Amino acid sequence: SQSALDTVVRDALRRLLAHRAATRTLAFDDLITRLRDAVLDDSGAMTRALRERFEVVIVDEVQDTDPVQASILQRGFAESPTHRLILVGDPKQSIYAFRNADVDSYVALRNRCTKPWYCLDVSWRSDPALIHGVQHLYAVEQPFLRADIPAMQVRSAYPVPRIHGPAGQAPGLALHVTDGTD
């Protein structure tokens, strides 16, 4: 039953926490939550220490930020008028929900930062036909179902395709839709 499973899980967690306390062991999440708690502490000592050490903070892949990490960045640097928080990321790639990545945390943090925002509009990875095909898919209102995540126009760094399909054709994006009977 569910209550028996809940009891087993609670007991296992209690034992794990007791073991970690007895062996003075910290997990990665413990480090992050302790830093968050210290940064959010009313005394401000940790926030001052971070700001004294780092004038500029660059966060790559910021779309994978979870709410705990975002609160550290928010208090530690986004709220400071004298420090720079540089966010590098693409919210459309926020795919790590299993690690608590949260696109809302990204959007809130991004919106807290002052402009200018710079968007990379050249792709060094994809051929022109693929970019054209993907942009055609995104050519609808709110392609990501959110007004705060726009589909940016991108161009390929390569003027001609580097990948060729049958008979020298440049493959783009091919979608094959079935009626479900195949």
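Modeller: Let us begin with axes, which are lines fitted to C-alpha atoms, for helices over the stretch in contact, with angles running from 0 to 180 degrees between N-to-C directions. Helices (H or I, at least four residues) and strands (E, at least two) are DSSP runs, numbered from the N terminus. This is a predicted model, in which local features need pLDDT of at least 70 and side-chain atom pairs count only at pLDDT 80 or more, whereas totals for chains, interfaces and linings use all residues. Residues are numbered from 1 along each chain as its sequence is written, and side-chain values use heavy atoms, with hydrogens and water left out.

Biologist: What makes α3 roughly perpendicular to α4?

Modeller: The axes of α3 (residues 45-53) and α4 come within 9 Å and cross at roughly 65 degrees. Angles of 65 to 115 degrees count as roughly perpendicular, those under 35 as roughly parallel, those over 145 as roughly antiparallel, and the rest as oblique, so α3 is called roughly perpendicular to α4. The contact, meaning heavy atoms within 4.5 Å, is made by T47, L50 and R51 of α3 with R75, G76 and F77 of α4.

Biologist: How do these contact residues of α3 and α4 divide into nonpolar, polar and charged?

Modeller: They divide into two nonpolar, two polar and two charged, where Ala, Val, Leu, Ile, Met, Phe, Trp, Tyr, Cys and Pro count as nonpolar, Asp, Glu, Lys and Arg as charged, and the others, Gly among them, as polar.

Biologist: Why are α2 and α3 also described as roughly perpendicular to each other?

Modeller: Their axes are 5 Å apart and the helices pack at an angle of about 100 degrees, a value for which α2 and α3 are therefore roughly perpendicular. L35, A38 and V39 of α2 meet M46, T47 and L50 of α3, and these residues comprise five nonpolar, one polar and no charged.

Biologist: What makes α4 roughly parallel to α5?

Modeller: The axes of α4 and α5 come within 9 Å and cross at roughly 10 degrees, and that angle makes α4 roughly parallel to α5. On the α4 side the contact involves P67, A70, L73, Q74 and A78, and on the α5 side S105, L109 and R112; five of these residues are nonpolar, two polar and one charged.

Biologist: Which residues touch the most other members of the largest nonpolar core?

Modeller: A nonpolar core is a set of buried Ala, Val, Leu, Ile, Met, Phe, Trp, Tyr and Cys residues joined through side-chain atoms within 4.5 Å. The largest has 18 residues, of which V57, V59, L73, L85 and L109 touch the most other members. At least two residues of this core come from each of α2 (28-40), β1 (56-60), α4 (67-78) and α5 (103-112), and α4 gives the most, with five. Beyond its neighbours within four places in sequence, L109 is in contact with V62, A70, L73, Q74, A78, L85 and L87.

Biologist: How do you classify T7 and G180?

Modeller: T7, in α1 (residues 2-23), counts as partly exposed because its relative accessibility is 44%. G180, in the segment after β4 (155-156), has 62% and so counts as exposed.

Note on methods
Buried means under 20% relative accessible area, exposed over 50%, partly exposed in between (1.4 Å probe, protein chains only).
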